[in-house]
Amino acid sequence: MTYYHYTAQKKKLMEEFYGVEAPQEVDVQPPEVVSTKGCGSRLPSRVEKALKLKSKPLHQCKKCQECGHHDSRNCDKFKEKEKQRSRRNSDV
Ligand SMILES: [Zn+2]
């Protein structure tokens, strides 16, 4: 019996066993390992991943602990505080 005949017979047995056509041998890709590194917990989609690669990498802000394109020196939350302070000063 040649190898071809052997595989053909095996395929036939598989078909009979499963009642359907034997599935083609598919290389099962391992799931993508996404390292979050504290920057967001949800897994980014492929599109978001591609966009992220194009854009600048996210930095974790020391002031608000959020991940974005700002740091502690130009943090929005810090700015708001500065605004309130300056507004209060101008009022007086
Ligand atoms: Zn911030």
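Select helix 1, residues 3-18, in this predicted model. At 1.5 Å a residue, its 16 residues should span 22 Å, and the end C-alpha atoms lie 22 Å apart, so expectation and model agree. Display the distance between those two end atoms to follow the comparison.

How many of its 16 residues are buried? The count is zero, and helix 1 is accordingly hardly covered.

Now select strand 1, residues 59-60, and strand 2, residues 67-68, together with the loop between them. Within that loop, pick Q65. Here phi is again positive, near 60°, although Q65 is a residue other than glycine. Is Q65 buried or exposed? Q65 has 10 other C-beta atoms within 10 Å; because a residue with 12 or fewer counts as exposed, Q65 is exposed.

Colour the model by pLDDT for the next stop. Where in the protein is confidence lowest, and where is it highest? The lowest mean, 68, belongs to helix 3, residues 76-91, whereas strand 1 has the highest, at 83. Across the protein the average pLDDT is 73, and 64% of the residues score at least 70.

Two overall values complete the view of the chain. Of the 92 residues, 1% count as buried. Among contacts between residues at least 6 apart in sequence, 6% join residues at least 24 apart.

Conventions
Residues numbered from 1 in each chain as written. Predicted model: local features only at pLDDT ≥ 70, side-chain atom pairs only at ≥ 80, totals over all residues. Helix = DSSP H or I, 4+ residues; strand = E, 2+ residues; numbered from the N terminus. Expected span 1.5 Å × (residues − 1). Buried ≥ 20, exposed ≤ 12 C-beta atoms within 10 Å, placed from the backbone. pLDDT = per-residue confidence, 0-100. Contact = placed C-beta atoms within 7 Å.
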